[in-house]
Amino acid sequence: MAKDLEDGTKAAGLFNPGDSLATQKVTLRWSDLGIKGKYIVRDLWRQKDLGTFEGEFSADVRRHGVVLITLRTAGSPSAATERTKSPEVGKD
């Protein structure tokens, strides 16, 4: 699920509707949104930039949980470094 916002960014929700006690890796692919390139991903609930990603973003989502993010175009190569580990909801 994704929505274009007035400021040109996109908002997206990554959902885990599963009943397993384990977290589930949920991946948002840029191709599903019709976009390409590098985007800065921000966790809206933690109010924290998670890094710059190209092509897709994945997060570990707890059972019945959701990760709400925004995507904004990475304007410069030094905006942020790409993250290699998926963030887990509720852990800081």
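**Note on the predicted model: core, fold and confidence**

1. Start with Val41. Leaving aside residues up to four places away in sequence, Val41 touches Trp30, Lys48, Asp49, Leu50, Gly51, Phe53, Phe57, Ile69, Thr70 and Leu71. Bear in mind that this is a predicted model.

2. Val41 also belongs to the largest nonpolar core, which has 16 residues. Val41 is among the members that touch the most others, together with Leu14, Leu28, Trp30, Phe57, Ile69 and Leu71. Strand 2 (10-15), strand 3 (24-29), strand 4 (38-43), strand 5 (48-54), strand 6 (56-61) and strand 7 (66-73) each give two or more residues to it.

3. On the overall fold: the protein chain holds 1 helix and 7 strands. Read from the N terminus, the order is β-β-β-α-β-β-β-β.

4. Next, burial and surface. The protein chain has 92 residues, and 34% of them count as buried.

5. Confidence needs a comment. The mean pLDDT of the protein chain is 85. Of its residues, 82% reach 70 or more. Residues 76-85 are another matter: pLDDT is below 50 over this stretch. The model still gives the stretch 12 contacts beyond near neighbours in sequence.

Key:
Residues are numbered from 1 along each chain as its sequence is written. This is a predicted model: local features need pLDDT of at least 70, side-chain atom pairs count only at pLDDT 80 or more; totals for chains, interfaces and linings use all residues. Side-chain values use heavy atoms; hydrogens and water are left out. A nonpolar core is a set of buried Ala, Val, Leu, Ile, Met, Phe, Trp, Tyr and Cys residues joined through side-chain atoms within 4.5 Å. Buried means under 20% relative accessible area, exposed over 50%, partly exposed in between (1.4 Å probe, protein chains only). Helices (H or I, at least four residues) and strands (E, at least two) are DSSP runs, numbered from the N terminus. Contact means heavy atoms within 4.5 Å. pLDDT is the predictor's confidence in each residue, from 0 to 100.
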